[in-house]
Amino acid sequence: MISRRRARRPAADTPLVHRIASLLLRYPDETMLACLDDIAAALPAVADPADRARLATTRDHLLHLPPTEAAQRYVGTFDHTRHRSLHLTYYRHGDTRARGMALLALKHTYRRAGHEPPEAELPDFLQLMLEFAALVPEPGHRILLQCQAGLEFLRQALHEYSTPYADVLDTLCGRLPEPARRERDAWRRPAAEGPPGEQVGLEPFGPPEQTGLEPFALPGHPAPPAYPTQRAFLSAEEGR
């Protein structure tokens, strides 16, 4: 059982946790596996011993697998089923118009905070959201709160699949406040029945203010930079 923080203000080391989690959830290609030593060097800065142990477990699991097997296990975990999707708005909206609106809102959130999301990936991709939360903690924390149901669904599915990646989701969910009972009750039906199945594509059909994912402006923020490389996350000053 993971412990919960009831305060809505994230701990000081949460941006570093988000950086590490984003790396660990990436496809384990040569570039990603080369970051495992950087992750080990950064782990002592994670204050919570349980979080540090969970992240280390996933890191050690990847370290000791042959690269081909690590890639095969990743694909088997995330790419062959929608029940373990890394695209968080899917759990709530499925392939419906509402999801298109939520994706538009996320893009707007990134841009208002000074970061242009890459065109090659949908904005609800968990790794991308974690990168954003590491760089801009306040709005990043809020979008993770708004996608908390998706995180919980994914966490449960990874535990059912018995994969070490579940430790990463335990860490992420433990960094969010414990949901109220009414919120958990609202999640039960989608968890039991699965996401809506209306096949209408993913094009947005409304402005961000109608989606429930409000944009967050950071006054005086510089012009949108490119997303940093994986190694840049762990070399950032605040992550040391």
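Visitor: Which residues does His87 touch, leaving out those up to four places away in sequence?
Guide: Those are Arg99, Glu121, Leu122, Asp124 and Phe125, where contact means heavy atoms within 4.5 Å. Bear in mind that this is a predicted model, in which local features need pLDDT of at least 70, side-chain atom pairs count only at pLDDT 80 or more, and totals for chains, interfaces and linings use all residues. Residues are numbered from 1 along each chain as its sequence is written, and side-chain values use heavy atoms, with hydrogens and water left out.

Visitor: What joins the side chains of His87 and Glu121?
Guide: A polar contact of 2.8 Å. That term stands for a pair of N or O atoms within 3.5 Å; within protein, one must be able to donate a hydrogen and the other to accept it, and residues adjacent in sequence count only if both atoms are side-chain atoms.

Visitor: Is His87 buried or exposed?
Guide: Buried, because its relative accessible area is 18%; the cut-off for buried is under 20% with a 1.4 Å probe, protein chains only. His87 sits in the loop between helix H5 (67-78) and helix H6 (89-93). Its C-alpha is 6.0 Å from that of Leu126, though 39 residues separate the two in sequence.

Visitor: OK, new topic. How many helices and strands does the chain have?
Guide: 13 helices and 0 strands, taken as DSSP runs numbered from the N terminus (helices: H or I, at least four residues; strands: E, at least two). Of the chain's 240 residues, 50% count as buried.

Visitor: How many residues of H11 are buried?
Guide: 10 of 10 in helix H11 (residues 165-174), among them Tyr165, Leu169 and Cys173. The buried residues of H11 pack against H1, helix H4 (49-63), H5, H8 and helix H10 (148-160).

Visitor: And what about H1 and H8, at what angle do they cross?
Guide: Roughly 155°, with the axes of H1 (residues 14-24) and H8 (residues 126-135) coming within 8 Å. The axes are lines fitted to C-alpha atoms over the stretch in contact, and angles run from 0 to 180 degrees between N-to-C directions. H1 and H8 are therefore roughly antiparallel, the word for angles over 145 degrees.

Visitor: Which residues meet there?
Guide: Pro15, His18, Arg19, Ala21 and Ser22 in H1 meet Gln127, Leu130, Glu131, Ala133 and Ala134 in H8.

How values were computed
Parallel < 35°, antiparallel > 145°, perpendicular 65-115°, else oblique.
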